[in-house]
Amino acid sequence: MPATDAFVRRLHEILLRVSDIQNQIDRGPKQLQLAQTQLQSAKDAVLQCKESIKQKRMDADRKQLQQREREAKLYEWQGKLNAATNNREYQAVKEQIAADTQANSVLSDEIFEILESIDAAQATLAELDAKLLVVQADTAKAEARIQERMATLKMDLERAQSELKAAESELPGDFSDTYYRMVESRGCEAMAPLDDKSCGGCNTTLPPRFLDQLRLGNPIPCPSCGRLLYRPE
Ligand SMILES: [Zn+2]
């Protein structure tokens with residue numbers, strides 16, 4: 001007994017459903033990864049900002065130390081200035097004092113700028129921390145949603161697969177081998193519904209004798225793509 005087109009249509013409908021559910025399940029890990037990536041980049045942004053603040057602080061500390069050292073030296077120069085015994089010595093010390101004072105003033109400006117940028121970075125850090133909390137909550141929600149969806153999809157898949165098994169147990173003997181061979185190599189692309197006068201898989205217009213066969217309810221392979229054609233409902 002050859003397969004009727006109602007039977008092929010039912011098989012194809014189940015195969016499409018199985019494939020659709022499987023595709024959704026396959027996308028699960030990617031969706032989870034995407035959620036994790038967003039969380040990681042929010043964490044990285046906080047860490048980077050903290051590291052930048054740490055570097056700025058070290059920079060400011062170094063410059064402040066340098067400033068104190070120079071101030072101590074200025075104090076020494078001042079003593080030497082007072083103890084200068086001749087004009088040449090006096091002038092030399094005075095020039096040194098002027099140079100160091102100028103250098104310290106530049107350093108002061110630099111320190112001020114760094115402290116300002118630490119303030120700005122701390123404001124940014126507060127924003128990034130707040131954003132991280134939101135992303136953490138969103139990620140947890142997204143993960144729970146995806147897990148729940150996966151559990152549902154797995155049940156749907158089992159149901160569809162057992163429906164497929166049941167339908168396949170009714171395969172007529174002479175169609176069985178062909179069917180399994182087709183599905184093995186092409187999956188749910190092994191069949192296609194007739195679309196008006198064309199193949200619903202490759203859009204090729206079918207010759208009249210093919211249409212005649214299909215109108216009689218006999219599934220027939222598309223002469224162009226080989227998909228087993230059947231009438232749509
Ligand atoms: Zn075709």
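V106 lies in helix α2, which covers residues 87-168. Helices (H or I, at least four residues) and strands (E, at least two) are DSSP runs, numbered from the N terminus. The model is predicted: local features need pLDDT of at least 70, side-chain atom pairs count only at pLDDT 80 or more, and totals for chains, interfaces and linings use all residues. Residues are numbered from 1 along each chain as its sequence is written.

V106 counts as exposed because it has 9 C-beta neighbours inside 10 Å. T37 is 69 residues from V106 along the chain. The C-alpha atoms of the two residues are separated by 44 Å.

Helix α3 spans residues 173-186. The expected span is 1.5 Å times one less than the number of residues. G187 follows α3 and has a positive phi, near 60 degrees.

Strand β1 (residues 191-195) pairs with two strands. Two strands pair if DSSP finds at least two bridges between them. With β4 (residues 228-230), β1 pairs in the parallel sense over three bridges. Here M191 has L228 as its bridge partner. With β2 (residues 198-199), β1 runs antiparallel, joined by two bridges. L194 is partnered by C199 of β2. β1 and β2 form a hairpin with two residues between them. In the turn, D196 has a positive phi of about 55 degrees.

Note on methods: Buried ≥ 20, exposed ≤ 12 C-beta atoms within 10 Å, placed from the backbone.
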